[in-house]
Amino acid sequence: MTVEPLIGDVVGELLRDTLAVATGVGPRPLVGGRLPRPVIEIIERDDGLINGAPSAHYLDGPAEWQPYDHRAVDRAHGETLDIGTGAGRIALLLQERGVPVTGLDTSAGALEVSRRRGVRRLVHGTVDTHVADGSRYDTFLLLGNNLGLFEGRERAPEFLAALAALARPGAQIIAQGTDPYGTRDPLHTGYHERNRRRGRLGGQLRLRLRYRELSTEWFDYLVCSADEFASLVHGTGWRLTNVDDRDAPYYLATLRLVD
């Protein structure tokens, strides 16, 4: 008999255990009831591909970051919204620098971890629900590959409209993405072709996250080229002003609100 996982706060449980293993404080998964078990995030794709990765990097300090993370944070100014804040690594550095920053996440558990680590301003919700709060921002950060939150052709205009409603005049978006098309792995190239036949962008992933007995619902997550991203932005209230691809295939896309 096959048992489906429970739907729950995968990210929150994962980050709580990751923090417990890192600090030795609080309940944590154990091997043989004694030794801390490494916390592994499982990513399941809708074609059956399953990948796993240690989750400790979510707690990494600036010394362990990639160069593009530092360049992105250096460009943040004014009231800043860290979208998909997770364990708060970006927000913590901005706080230290005196940049007014708010962490936004859909995971209540992730926000609990961020709060325990010292992030002061946190919001539970999506960019759409946050619009009603009346907050306005100068900078929006979507780091840790969170350009993926644009999802695809259908969601991107809605997502950008919500950010425009949260934006002050002249606001900027800095989003980190990954160009998926350099691979020759047939598992990935075949998936890209399957997506295109279905009218989707090649790197438009259909995923669910799993940890222990929990799973998220299935969701879309966008991995796209800079040119594809430019096409999604065209005709919205935002203008793509810069693509920093010094660390290709990773890139930073900067958008400005059109006056």
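Here are some numbered notes on the structure above, going from the ground rules to the sheet, the helices and a few single residues.

1. Ground rules first. This is a predicted model, in which local features need pLDDT of at least 70 and side-chain atom pairs count only at pLDDT 80 or more, while totals for chains, interfaces and linings use all residues. Residues are numbered from 1 along each chain as its sequence is written, and side-chain values use heavy atoms, with hydrogens and water left out.

2. Start with the open sheet. It has 7 strands in the order β8-β7-β6-β9-β10-β15-β14, and the pairing is mixed. A quick word on names: helices (H or I, at least four residues) and strands (E, at least two) are DSSP runs, numbered from the N terminus. Two strands pair if DSSP finds at least two bridges between them. Which strands stand at the edges? They are β8 (122-124) and β14 (238-247), each with a single partner strand, so one side of each has no neighbour in the sheet. On average, neighbouring strands here are turned by 20° against each other, direction ignored.

3. Now zoom in on one pair in that sheet. Strands β9 (residues 137-142) and β10 (residues 167-178) run in the parallel sense, with 5 bridges.

4. Helix α2 (residues 67-75) packs on it and touches β9, β10, β14 and β15 (250-257), where contact means heavy atoms within 4.5 Å. The direction of α2 makes about 145° with that of β14. Helix α8 (residues 226-233) lies across β14 and β15, running at about 170° to β14. For these angles, axes are lines fitted to C-alpha atoms (for helices over the stretch in contact), and values run from 0 to 180 degrees between N-to-C directions.

5. Next, a helix pair. Helix α1 (residues 10-23) and helix α4 (residues 108-117) pack at about 30°, with their axes 7 Å apart. That angle makes α1 roughly parallel to α4; the cut-offs are under 35 degrees for roughly parallel, over 145 for roughly antiparallel, 65 to 115 for roughly perpendicular, and oblique for the rest. On the α1 side, V11, G12, L15, R16 and L19 make the contact, and on the α4 side G109, A110, E112, V113, R116 and R117 do. What kinds of residue are these? They divide into 5 nonpolar, 2 polar and 4 charged. Here Ala, Val, Leu, Ile, Met, Phe, Trp, Tyr, Cys and Pro count as nonpolar, Asp, Glu, Lys and Arg as charged, and the others, Gly among them, as polar.

6. Stay with α4 for a moment. Its buried residues are G109, A110, L111, V113 and S114, and they pack against α1, β7 (101-105) and β8. Buried means under 20% relative accessible area, exposed over 50%, and partly exposed in between (1.4 Å probe, protein chains only). Just after α4 comes G118, with a positive phi of about 115°.

7. Helix α3 (residues 89-96) is mostly covered, with 7 of its 8 residues buried. What covers these buried residues? The cover includes α2, β6 (80-83), β7, α4 and β9. Look at G98 as well: just after α3, it takes a positive phi of about 85°.

8. Strand β4 (residues 40-45) joins β11 through 4 bridges, antiparallel, and I43 has L209 as its bridge partner. Strand β13 (residues 219-222) also pairs with β11 in the antiparallel sense, over 4 bridges; there, L207 stands opposite F219. Finally, β11 and β12 form a hairpin with 2 residues between them, and R212 in the turn has a positive phi of about 50°.

9. One glycine to find: G125, in the loop between β8 and α5 (127-130). Is G125 buried or exposed? It is buried, with a relative accessible area of 14%. Leaving out residues up to four places away in sequence, G125 touches L104, D105 and T106. The C-alpha atoms of G125 and I83 are 9.9 Å apart, although 42 residues separate them along the chain.

10. Last, the annotation. UniProt, in an unreviewed entry, lists residues 81-170 as "domain: Methyltransferase". UniProt positions are given in the numbering used here, feature names are shortened, and annotations may be inferred rather than shown by experiment. Over residues 81-170, the chain is 38% helix and 23% strand, with the end C-alpha atoms 15 Å apart.
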